[in-house]
Amino acid sequence: MSTRRTARAHVVVSPHPDDAVWSLGGRLARWVSRGAPVTVVTVFDGPSAPGTSDGWRQVAHPAVRRREDRAALGELGVGHISLGFTDAALRTTDGRHRYRSAPRVFAAPHPDDGDLPRAIRDALRPLCPSGARVHGPLAAGRHVDHVVSRAAVEQLAAPGTAWYEDFPYPLRGRDHDGLAVRRSPLTDTEVERWLAAALRYTSQAEALFGGADGLRRALLARVRTHGAEAGTPYADRYWLRADPDVP
């Protein structure tokens with residue numbers, strides 16, 4: 001029987017284009033190289049809305065972000081499904097933006113977002129076959145779209161769910177309460193494949209890191225830090241329910 005048929009499938013829930021690749025792209029590269037079916041489900045990459053190019057909201061331009069996502073995931077050879085929900089920066093109620101400024105997307109969710117976790121959970125359920133490992137964001141940094149996505153994955157309650165650290169946000173203790181840390185060493189090849197894919201998100205690299213060089217340095221610093229914890233040059237760090245019987 002082939003490795004591809006026996007390897008465990010992985011479904012990675014990515015709040016936005018870039019979150020999955022930036023946060024655990026080294027492991028995505030590893031799974032693909034081992035013949036595992038891998039699917040990234042991007043949640044908030046919906047159609048354009050009024051105000052897309054207005055100031056800080058410009059970095060959420062859906063068409064640009066979807067194009068970058070396809071290029072990055074294609075670089076890794078990963079399957080992709082778009083759920084098409086609208087980014088927090090662009091969501092409106094009665095024609096008014098729910099989040100009036102960039103800092104507001106890191107505060108409490110708007111009341112009109114209350115049904116989003118359930119809606120996302122229902123959209124995810126048929127995409128997660130029995131036996132697949134689901135990977136969700138810890139919502140480090142508390143971006144509202146990450147918080148909502150984590151809530152949806154929690155409601156999905158897939159056995160053995162793994163939680164990844166949302167890059168580039170700092171991790172706090174409350175983000176992983178009740179979870180146990182795991183580290184996965186990465187090879188030079190896996191890191192290079194990850195970086196090549198990560199740099200496809202040109203708009204976000206420019207907005208957050210001043211360009212590709214800044215993003216590359218930040219990503220390498222992350223996997224080197226986690227590698228030092230694991231006693232290896234490079235590693236990724238993730239979290240599982242604190243249960244010794246869960247691999």
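**Note on pockets, helix contacts and backbone exceptions**

1. The second largest pocket has a volume of about 200 Å³. This is a predicted model, in which local features need pLDDT of at least 70, side-chain atom pairs count only at pLDDT 80 or more, and totals for chains, interfaces and linings use all residues. Residues are numbered from 1 along each chain as its sequence is written, and side-chain values use heavy atoms, with hydrogens and water left out. A pocket here is an open set of points on a 1 Å grid over the protein atoms alone, with protein on both sides within 12 Å along at least five of seven lines. Lining residues have an atom within 4 Å of a point. Grid points are joined across faces, edges and corners, and a volume is the space filled by probe spheres set on the points.

2. Which residues line the second largest pocket? They are H10, R27, R30, W31, R34, R133, H135, A162, S184 and Y238. Two elements, α2 and β6 (133–137), each give two or more residues to this lining. Helix α2 gives the most, with three residues. Helices (H or I, at least four residues) and strands (E, at least two) are DSSP runs, numbered from the N terminus. By class, the lining of the second largest pocket has three nonpolar, three polar and four charged residues. Ala, Val, Leu, Ile, Met, Phe, Trp, Tyr, Cys and Pro count as nonpolar; Asp, Glu, Lys and Arg count as charged; the others, Gly among them, count as polar.

3. The largest pocket has a volume of about 400 Å³. It is lined by 22 residues, and the closest to its centre are V59, H143, Y169, Q204 and L208. The elements that give two or more residues to this lining are α2 and α7 (202–209). Helix α7 gives the most, with three residues. The lining of the largest pocket has 14 nonpolar, four polar and four charged residues.

4. A search of the whole structure finds one cavity of 30 Å³ or more. A cavity is a set of grid points where a 1.4 Å probe fits but cannot get out. The volume of the largest cavity is about 30 Å³. Its lining consists of F44, D45, G46, A60, P62, R65 and D87. Three of these residues are nonpolar, one is polar and three are charged.

5. How do helices α2 and α6 cross? The axes of α2 (residues 19–33) and α6 (residues 188–198) come within 8 Å, at a crossing angle of roughly 130°. Axes are lines fitted to C-alpha atoms, for helices over the stretch in contact, and angles run from 0 to 180 degrees between N-to-C directions. The two helices α2 and α6 are therefore oblique to each other. Angles under 35 degrees count as roughly parallel, over 145 as roughly antiparallel, 65 to 115 as roughly perpendicular and the rest as oblique. The crossing of α2 and α6 is right-handed: the near helix is turned clockwise from the far one by less than a right angle.

6. The residues of α2 that meet α6 are V21, W22, G25, G26, A29, R30, V32 and S33. Their partners in α6 are E190, R193, W194, A197 and A198. Contact means heavy atoms within 4.5 Å. The contact of α2 with α6 has seven nonpolar, three polar and three charged residues.

7. Helix α3 also packs against α6, their axes coming within 8 Å and crossing at roughly 160°. That makes α3 roughly antiparallel to α6. This crossing is right-handed too. The contact is made by A72, E75 and L76 of α3 with R193, W194, A196 and A197 of α6. Five of these residues are nonpolar, none is polar and two are charged.

8. Helix α3 (residues 62–76) and α7 have axes that come within 8 Å and cross at roughly 110°. That makes α3 roughly perpendicular to α7. V64, R65 and E68 in α3 meet T202, S203 and Q204 in α7. This contact has one nonpolar, three polar and two charged residues.

9. Two backbone points. Most residues other than glycine have a negative phi, and most peptide bonds are trans. The peptide bond from F167 to P168 is cis, with omega near 10°. P168 is in the loop between β7 (162–164) and β8 (179–185). D94 is not a glycine, yet has a positive phi of about 55°. D94 is in the loop between β4 (92–93) and β5 (96–97).
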